[in-house]
Amino acid sequence: MRHEADRHQHAHPHDTAPAHPAGGWPVAVRATLHCLTGCAIGEVLGMVVGTALGWGDLPTLALAITLAFFFGYTFTLRGVLKAGVGLRAAVGVALAADTLSIAVMELIDNGVIMLWPGAMDAGLADARFWWILAIALAAAFVVTAPVNKWMIGRGKGHAVVHRYHH
């Protein structure tokens, strides 16, 4: 037996509230900046370590991507743990909140770097490396923000994290 509210909701879907009413562009932009911070730290650290160890392009990119995910998840995990959530549940929240966002950001960021002529040959001391990285991260932000807005509007992604912020 369905409740009266359920019948009303299904009869008039345009009258229902969005899955995350506090969503929208401001929340999506903050979520994407959060993701960008973790990704940028991981990218730069990965590039520095890979270059210092004399690794080739692919191992260095793999390290940078791995560290981007690590730092992205860690930033979210820290906030959720601070809210008093247990470690197992907090890991689940971080994975649910950040996986798609970080994956899209890394795909775009590293795609720009790999496709930009000469970007993979630029060293850390070369200003060209830093300019291309900045452009790649900006492009990743522009593509990822709408993804985060879409997810938040459906109660997914960073909408999950916002349940733990007071």
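**Close-up views of a predicted model**

**View 1. Contact of helices α2 and α5.** In α2, the residues Trp25, Val27, Ala28, Val29, Ala31, Thr32, Leu33, Leu36, Ala40, Val44 and Met47 meet Phe129, Trp130, Leu133, Leu137, Phe141, Thr144, Ala145, Pro146, Asn148, Lys149 and Ile152 in α5; contact means heavy atoms within 4.5 Å. By class, this contact has 18 nonpolar, 3 polar and 1 charged residues, where Ala, Val, Leu, Ile, Met, Phe, Trp, Tyr, Cys and Pro count as nonpolar, Asp, Glu, Lys and Arg as charged, and the others, Gly among them, as polar. Helix α2 spans residues 25-52 and helix α5 residues 127-153; they pack at an angle of about 145°, with axes 8 Å apart. Axes are lines fitted to C-alpha atoms over the stretch in contact, and angles run from 0 to 180 degrees between N-to-C directions. Helices are DSSP runs (H or I, at least four residues), numbered from the N terminus. The crossing is right-handed, that is, the near helix is turned clockwise from the far one by less than a right angle.

The model is predicted: local features need pLDDT of at least 70, side-chain atom pairs count only at pLDDT 80 or more, and totals for chains, interfaces and linings use all residues. Residues are numbered from 1 along each chain as its sequence is written, and side-chain values use heavy atoms, with hydrogens and water left out.

**View 2. Contact of helices α4 and α5.** The axes of α4 (residues 87-115) and α5 come within 8 Å and cross at roughly 145°. This crossing, too, is right-handed. Among the residues in contact are Leu100, Val104 and Ile108 of α4 and Ala136, Ala140 and Val147 of α5. The contact divides into 18 nonpolar, 3 polar and 1 charged residues.

**View 3. Cys35 and Cys39.** The disulfide count is 0, a disulfide being a pair of cysteine sulfur atoms within 2.5 Å. The closest cysteine sulfur to that of Cys35 is in Cys39, at 4.0 Å, which is too far for a bond. Cys35 is buried, with a relative accessible area of 1%, and Cys39 is buried at 0%; buried means under 20% relative accessible area (1.4 Å probe, protein chains only).

**View 4. Confidence along the chain.** The mean pLDDT is 85, and 84% of the residues score at least 70; pLDDT is the predictor's confidence in each residue, from 0 to 100. Confidence is lowest in helix α1 (residues 4-11), with a mean of 39, and highest in α5, at 95. Over residues 1-21 the pLDDT is below 50, and this stretch has 12 contacts in the model beyond near neighbours in sequence. Where pLDDT is low, the predicted coordinates should not be read in detail.

Technical notes
Helices (H or I, at least four residues) and strands (E, at least two) are DSSP runs, numbered from the N terminus. Buried means under 20% relative accessible area, exposed over 50%, partly exposed in between (1.4 Å probe, protein chains only).
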